[in-house]
Structures are given as structure tokens and as C-alpha cells.
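Work through the exercises below with the sequence and the 3D structure open beside you. Try each task before you read its solution.

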Amino acid sequence: MCSLVTEPKDMLPYISLMLPEVKKVLADPIPEVRAVAARALGSLIRGMGEENFPDLVPWLLETLKSDNSNVERSGAAQGLSEVLAALGREHFELVLPDILRNCSHQKASVRDGHLTLFKYFPRSLGPTFQNYLPRVLPAILDGLADENESVRDAALSAGHVLVEHYATTSLPLLLPAVEDGIFNDNWRIRQSSVELLGDLLFKVAGTSGKAILEGGSDDEGASTEAQGRAIIDVLGREKRNEVLAAVYMVRSDVSLTVRQAALHVWKTIVANTPKTLKEIMPVLMNTLISSLASASSERRQVAGRALGELVRKLGERVLPSIIPILAQGLQDSNGSRRQGVCIGLSEVMASAGKHQLVTFMGDLIPTIRTALCDSVSEVREAAGLAFSTLYKSAGMQAIDEIVPTLLHALEDEETSATALDGLKQILSVRTAAVLPHILPKLVHPPLSAFNAHALGALADVAGPGLDSHLGTVLPPLIEAMGNDDQEVATLAKKAAETVVMVIDEEGLYSLIAELLKSLGDTQASVRRGSAYLSGFFFKNSKLDLLDESPNLVTTLIVMLTDPDSATVQFQQQEIRNGEREKVGLY
């Protein structure tokens, strides 16, 4: 109407009649009607100047904050976007900080209204608005994780519009923000980020992304080779590989909605899954390894599921690529990534069939063997779990090719500590299978200080698993308790104390038998050690000793006449401190 009048001033008398009606139409339930009213406001400001509408911008801003319906806030947002476009860039830059601040307002309605503005700015401001994307994107991403559904919807709608308008011109700004959101701890952000990434890729590939993909083989998608080349031309092969690797991983997300969104994107832009996976395998494995070493438990779970699915579905086609990459990853200087490699190996071995793994034992066994001696304890712990999985497939081959190397490393001062922890890790998961191979090596005379320490450390891990090995472990330790070397004697004593305290009720009979046997030894130092150990056991054990103690007590009383005074002293102490509490001797 302004454009039809030669002098806009001629319209001034009618403003008071027109503006209230335009404001009413701005709250109309039909979006198209609201859009016309918003453009009308922009035309009035552009034709007649801001000074003739002093209360318009404040009214629009106030309506954005109101608790009224979404329709009213949406109309106000659309109207304000047109008015700010008419007022020019300087005025927009003055208002933008307040808009961004209100996107994190404590009231949900305020956040909703101001995030809705970003849905309309691209249409009203055009290419100019893309200069402000670095400031606007963080607010939109935060909105995607909002606790209020209306706010989340407003943020997602704004994201879709931004992608629609600036996918090609501002791709370097949009893509990193969306990629980061894919691995966010909040599942809502992951879901929205996958949807927005899909919009970006659909735009680049020249497809609508609206194809209905239900059932059918996972190998075939709805994309074409030409669309695939279009994505590579725009993103570059390296970035395309990174993006597809992220999408493939979140196909195994813990959230169903995220999985569905990722699967839709994958099948819409990937023409042939096996071929594409082969192309992106190094990047995909890098992404999975990094995620397996993540501090986020959900991300580790997602990466493990993705790797497992990859092996289960495409086992023989992908194993020749996956296992060498994992083995090479153990050379990484980052300890977290090496931990991720070990977790990945466990997932691969758990998902692959035994017959599939046979071919790769030459790579798997040395890799796990190296990881068990890693300098980082978390890596050794993950390697222990990988060993347990390997044992299920390789059986005794795993023990025969790994345990001897660890035992040999115990003899080297530089590697002894890590090798011992490696043994502890595999012992914690495969006690019964591994103990018979470790103990003979460690108790071989003469017992060194380190071996005595190792026996104590391993006993603490093996626990009741030692029940059937007491005859192998205890006699050398008791003998070493009387060693002239004070360090050996001290460590042997500590190890022996650990051994007797980890025994459970099933091993009690064997323990008492070993102690009685040592009490009758011809060497005074052995009798002395056994007497001390008996007292220590009866004093500290939480087991019910009533049935087993009479034989031991009788022997101790008889041996009060032992020619070795130190042995007699230990026996007296043992009777006083132990028997009074356990068997009611007095």
C-alpha cells in the first residue's frame, strides 16, 4: 500500500487504524497468513521509517517472551525478522546479543520465541545472515538438548532452515558444528545432529532424502554413484570418509531414535555398503578406536556395538582390514588409544567365529602379548579382557604363546613390574587355566625377592583359585621366610600371609595339612615359619576353624618342647592369640 502512495506521509493518519489489524493477523493460525502480515510490517517500516512506529519493535520483543501460544510467538518472530531486515544491519547487530542471551533464558517460552527467530532470519536477511552463523550455531545446538520439547522443536526447525539456505555457501561453518553434535553425550543432540547432517548431505547430493527405506538388504541403499561423487566433489574424499564413519558408528547408538535417523541417512546417501565400508575402513577404525577409549561409557558402548555389528555382518570381508589396523594401533603414543585398541580386539574376537579367527592368530596373539606388558595400567587391564576372549577361541594356544613371554619378562628389571601386572590381569579372568603355568616358574628354587613379591601379588588376584595349588606355593614360601637375605624373608612372609588369607572353606583342609607338614620339618627355620603362619592364620581368618583346629593345636602343644626357642615362642604366641578366639581353648 505504501508503494502505491506517492508520499508515504499520506499514510500517517491511517497507521492507528492499520497497525492493530496487522498485529491481529500476525497471530493468525494459518502460517501463510502470518507470513503476509510479517512482510507487511517490513514494508511499512521500509516505506515510512522506524520513527513512525516507535512501539512496534518493543511490542514484538515482548510478544516473543509471552506465555501465550506458540502461534503468537511464531508470528512475532516472523514479524520481527522482517522489521529488523528493513531497519538494516546496524540495528540487527544491536539486537542480536539480547536475542542470543534470551535463547538461554530460564523461561521455556522465552527460549522458544527467540530460537524461532533463527528460523526466519535466513529468509528475511538472505546471504547477510550467514556472517553471523558462528555466533548463532552454539545457541541452536544448546537448544537441541533443551528439556522442553517446544524449545527443542524450535531449535531443530531453525537448524533445518539454516542448512536449507546455507548448505553450499557456509558448509565449512555448518559441518563441524553438526559433526561435533553426533558424538554428544546427550542423545537428543545426537539425534538432531544426525538429522541436520542428513539435510546437509541430501542438499549436497541433490536428493530430497524423503525416500522410504524399510526392510531389504543393508548392502543396498537408495543413493546412486553420481550422488556419491557429488558428495566427494563438495566435501573432499577425506571429509566424506570422516562423515560416513561417524554416521555408520551411530547406526549402533544406544538410543533407538538416533539409530533410526542414522540408518535412514546412511541408506539414502550410500549406494553399496560393503564397497563404501572398504573405502572408509581406515577412517572408520580410527573413529571407533578413539570412541572405545572415550571417557563416555555410552560412546564406548556405541563404538563396541558398531564394531561387533561390522564383524558379524561382513566378517570375512572386513577382518583382513580390521585386525591389521588394530594391531598397528598398539604402536600409538596415546595410552587411551592403545586401550581402545584392546577393547576393539575383544569386540572383534567376541563377534567373529572361531574358524574366522584362526587365520589371524599370528596377528592377534603377539598384539595381546605386547599389550599385556604395556606401560599404562588401563591398557594392561583391557588387554587382560582381550586375553580372556582370545582364550575362548584359541584355548591352550593363547596360554602357551603368551604366558611364557610374560614369565620371561619377569626376569628383566625394566619389564618385570608391567609383566607382573599383565599376569595379574589374565589371572583375574582365567585363573584356573593360567595358574598351573605360572606357579612352577615362580616357586623354582632359590626363591628370589621379586618372585616372592610376585607370588603374593598373584595370590591376591587368584584368591580361592589357589586352593588346589597350596602344596606348590606354600612350602617354598615358608622355607624362604627363614632366608638369610632379609628382603627375601620379608617378602616371602608377606606373600605367605596373603596366601593363607585368600583360602576359602574348600581349601581349609589342604592348608591345615600343609601347615602340619611344615611343623614337622627337620629344619628349625621351616618349623618356625609354619608356627608363625599358623598363629597369623588363626588370629586373622574369618573362616570357621572349629573342626580343623584340634590336630593343629595338639601338634603345637607337643612341639612346645621343640629345641628351637624361637619356634617355641611362636607356638606359644599362636596358642594365646589364635586358639582362645577360634576354638575356646581357655
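**Exercise 1. Cavities in the whole structure**

Task: find how many cavities of 30 Å³ or more a search of the whole structure gives, and describe the lining of the largest cavity by class.

Solution: The search finds three cavities of 30 Å³ or more, where a cavity is a set of points, on a 1 Å grid over the protein atoms alone, at which a 1.4 Å probe fits but cannot get out, and lining residues have an atom within 4 Å of a point. The largest cavity has a volume of about 90 Å³, a volume being the space filled by probe spheres set on the points, which are joined across faces, edges and corners. Of the 13 residues that line this largest cavity, Phe183, Asn184, Arg190, Asp253 and Arg299 are the closest to its centre. Next, look at the elements: helix H12 (237–250) and helix H15 (297–329) are the ones that give two or more residues to this lining, and H15 has the largest share, with three residues. Helices are DSSP runs of H or I with at least four residues, numbered from the N terminus, while strands are E runs of at least two. By class, the lining of the largest cavity has six nonpolar, two polar and five charged residues; Ala, Val, Leu, Ile, Met, Phe, Trp, Tyr, Cys and Pro count as nonpolar, Asp, Glu, Lys and Arg as charged, and the others, Gly among them, as polar.

Before going on, note that this is a predicted model, in which local features need pLDDT of at least 70 and side-chain atom pairs count only at pLDDT 80 or more, whereas totals for chains, interfaces and linings use all residues. Residues are numbered from 1 along each chain as its sequence is written, and side-chain values use heavy atoms, with hydrogens and water left out.

**Exercise 2. The second largest cavity**

Task: state which helix gives the most to the lining of the second largest cavity.

Solution: The second largest cavity has a volume of about 70 Å³, and its lining includes Leu137, Ile140, Gly159 and Leu196. Helix H7 (133–144), helix H8 (149–166) and helix H9 (171–182) each supply at least two residues of this lining, and H7 gives the most, with four residues. The lining divides into 10 nonpolar, one polar and no charged residues.

**Exercise 3. One residue**

Task: decide whether Thr367 is buried or exposed.

Solution: Thr367 lies in helix H18 (residues 361–371). Thr367 has a relative accessible area of 8% and is therefore buried, since buried means under 20%, exposed over 50% and partly exposed in between, with a 1.4 Å probe and protein chains only. Not counting residues up to four places away in sequence, Thr367 touches Ala327, Leu330 and Leu345.

Terms used:
1 Å grid on protein atoms, 1.4 Å probe; cavity = no way out; pocket = protein on both sides within 12 Å on 5 of 7 lines; lining within 4 Å. Contact = heavy atoms within 4.5 Å.
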